[in-house]
Amino acid sequence: MSERFDAIVVGAGPAGIAAALTMARGGLNVLVIERGEFPGAKNVFGGVLYRQQFEDLIPEWWTKAPLERPIVEQNYWLLDETGAAKIGHRSRRYVDGKPNNFTAMRAKFDPWFAAQAEEAGALIICETCVTELLMEGDRVVGVRTDREEGDVYAEAVIIADGVNSLLGKQVGAHREWAPNEVSLVVKESLSLPKEKIEDRFGLEEGEGATIEILGSPSQGMIGLGFLYTNKETLSLGLGVMLDDLKASGCRPYDLLENMKQHPALRKLLQGAELKEYAAHLIPEGGLRAMPKLAGPGWMIVGDAAQMVNFVHREGTNLAATSGRLAGETVLAMAKSGSFSPEGFQEYAKAIRSSFIQRDLAKYQRLPGFLHDHKDLVMSKLPRVLNDSLYEWFNVDERPKTDHQRQIIEGMKTAAGGTWGLLKLAYQGWRAINE
Amino acid sequence: MSKSIEEKLFTIRYRCDTESHLIIKDQAVCQRCTDKPCLSFCPAAVYELRNGSIHVAFENCVECGTCRIGCPYGNIEWRYPKGGFGIAYKIG
């Protein structure tokens with residue numbers, strides 16, 4: 001291993017690889033260090049990749065990458081203990097021409113993405129763990145790995161070590177995430193023949209559907225379940241905020257088992273065999289938890305920098321864009337011949353003028369709102385919605401006026417009176433608008 | 001149909017190190033910890049109470065970091081397994 005590079009990237013996930021690809025294409029000497037057996041070996045996500053941000057890096061990438069299904073239908077289900085209120089959208093507009101998003105598997109996609117960076121000239125070393133950043137004064141000058149004589153130096157180090165960013169902590173980018181800034185997701189990949197998947201979900205051959213699940217499965221905790229279709233597996237998962245999980249005393253895999261028993265899900269999953277269990281943390285703190293993004297000699301990208309938009313289940317796309325912007329910053333510094341501390345701050349500026357900052361700023365109050373109205377949003381609203389729809393659809397001898405009055409009363413009671421309902425609507429609106 | 005956590009973990013490919021990357025800094029702190037949330041929140045059932053002290057089945061660890069952030073006393077020294085060791089997802 002030559003001990004000096006133009007740039008070192010720690011972590012071969014989408015953020016790190018996007019950075020490496022950008023820099024290698026610009027002619028820089030780039031080393032990527034990955035602790036897993038291969039890129040993606042340690043990585044988990046729910047399962048949806050968005051096309052646009054990867055297209056910025058590799059035009060038509062989706063015609064070559066290993067993907068599962070382009071998504072033609074996306075749903076939200078709000079569950080109470082026995083019922084499901086469903087809203088969703090199915091349209092050919094998502095899949096005709098250039099599909100908007102796809103289900104995928106990280107242990108398959110990440111190696112492919114890493115291979116693109118390798119092809120562009122980046123050197124990727126796996127099975128190597130970076131144990132610390134090497135400092136000269138306040139400047140990061142390289143990394144120490146757990147290999148023999150494993151110190152490597154570079155002009156720039158890009159920290160892409162994921163949600164458990166020990167390096168981000170070392171460099172003082174963040175103090176440490178609090179339990180209310182991360183969620184724990186447990187996920188199961190369940191195998192099912194593709195014909196069954198297509199029949200059960202009403203899909204054309206090769207196309208996919210997604211369901212986000214809110215309500216009773218999280219047992220009052222702030223959380224979200226999901227069920228996504230892959231080629232020959234289903235991705236079923238449930239994430240809950242760690243502070244809530246801690247307080248509940250629940251076992252995360254028990255929550256998932258309970259979710260499987262819900263009447264609206266049971267038949268969709270029937271006969272599906274567990275192929276792989278997985279668990280991972282998701283950064284959920286939003287903009288307010290975003291750490292310092294750069295300092296002398298370093299930049300931090302992707303999950304390591306809390307770049308997740310949980311409202312829209314976006315993460316890998318924010319990762320890819322942040323990696324690209326970090327890579328472009330290094331290229332600009334290399335071109336100017338100066339790796340000054342100010343040069344690194346250009347990356348923070350680039351993030352601030354990107355969709356990452358824009359979208360996360362829009363939702364920055366939402367984690368606080370959810371925390372303050374946990375019981376309402378996670379339990380009462382899904383229940384009252386189910387009750388309301390029941391009143392609407394259920395036909396008996398009672399006058400329609402009674403049914404509809406009951407709907408209004410139910411909603412008001414859940415929100416704490418008319419005034420409460422108005423206040424909630426206002427606060428909810430504020431929470432999702434800057 | 002419902003699978004135990006042991007059966008679930010059996011679906012993950014591991015390359016186990018001989019030494020633990022998870023170390024309880026001070027068992028006395030765990031003794032004083034009334035809730036012991038690690039016994040429930042760990043998605044891989046790594047933490048278990050044996051004869052009054054916390055036993056760490058690091059071989060089961062899925063490297064998620066829940067205990068690192070969730071331990072109320074920051075009493076777990078959490079490192080990544082050595083390069084190449086630990087989990088290797090086939091799907092992820």
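## Model and conventions

This is a predicted model: local features need pLDDT of at least 70, side-chain atom pairs count only at pLDDT 80 or more, and totals for chains, interfaces and linings use all residues. Residues are numbered from 1 along each chain as its sequence is written, while chains are lettered from A and ligands numbered from 1 in the order in which they are written.

Chain A is divided into domain 1 (4–67 + 104–177 + 286–362), domain 2 (179–283) and domain 3 (366–431). These bounds come from an automatic or database domain assignment. Eight residues from domain 2 of chain A and seven residues from domain 3 of chain A make up the contact between them. Two residues are in contact if their C-beta atoms, placed from the backbone, lie within 7 Å. The C-alpha centres of domain 2 and domain 3 of chain A are 26 Å apart.

The largest nonpolar core has 157 residues. A nonpolar core is a set of buried Ala, Val, Leu, Ile, Met, Phe, Trp, Tyr and Cys residues joined through C-beta atoms within 7 Å. Buried means 20 or more other C-beta atoms within 10 Å of a residue's own, exposed means 12 or fewer, and partly exposed lies in between; C-beta atoms are placed from the backbone. A:Ile158 and A:Val301 touch the most other members of this core. Beyond four places in sequence, the contacts of A:Ile158 include A:Val9, A:Val10, A:Met299 and A:Val301. Among them are also A:Ala7, A:Gly16, A:Ala19 and A:Ala326.

## The seven-stranded sheet

Chain A holds an open sheet of seven strands in the order E5-E4-E12-E13-E14-E11-E15, with mixed pairing. Strand E5 (84–90) and strand E15 (273–283) of chain A are the edge strands, and each pairs on one side only. On average, neighbouring strands of this sheet are turned by 15° against each other, direction ignored. Those axes are lines fitted to C-alpha atoms, for helices over the stretch in contact, and angles run from 0 to 180 degrees between N-to-C directions. Helices (H or I, at least four residues) and strands (E, at least two) are DSSP runs, numbered from the N terminus. Two strands pair if DSSP finds at least two bridges between them.

Strand E11 (residues 182–191) of chain A and E15(A) pair in the antiparallel sense over ten bridges. There, A:Ser191 has A:Glu273 as its bridge partner in E15(A). Eight of the eleven residues of E15(A) are buried, so E15(A) is largely enclosed by the rest of the structure. Strand E12 (residues 208–215) and strand E13 (residues 223–229) of chain A also run antiparallel, joined by four bridges. A:Thr210 is partnered by A:Tyr228 in E13(A).

## Two partly exposed residues of chain A

A:Lys194 sits in helix H5 (residues 194–201) of chain A. A:Lys194 is partly exposed, with 16 other C-beta atoms within 10 Å. A:Ala154 is 40 residues away from A:Lys194 in sequence and 48 Å away in space, C-alpha to C-alpha.

A:Ala65 lies in the loop between helix H2 (51–55) and strand E4 (71–79) of chain A. A:Ala65 is partly exposed too, with 17 other C-beta atoms within 10 Å. Not counting residues up to four places away, A:Ala65 touches A:Phe109 and A:Trp112. A:Phe113 is 48 residues from A:Ala65 along the chain, yet their C-alpha atoms are separated by 7.7 Å.

Chain B has four helices and six strands, in the pattern α-β-β-α-α-β-β-α-β-β. Of its 92 residues, 37% are buried. Residues 24 or more positions apart account for 67% of the chain B contacts with a separation of 6 or more. The C-alpha atoms of chain B fill a box of roughly 40 × 35 × 25 Å along the principal axes.

Four bridges join strand E3 (residues 47–50) to strand E4 (residues 53–56) of chain B, which run antiparallel. B:Glu48 stands opposite B:His55 in E4(B). This hairpin has two residues between the strands, and B:Asn51 takes a positive phi near 50°. Elsewhere, 30 residues of chain B are in contact with 40 residues of chain A. H4(B) gives the largest share of the chain B side, four residues.
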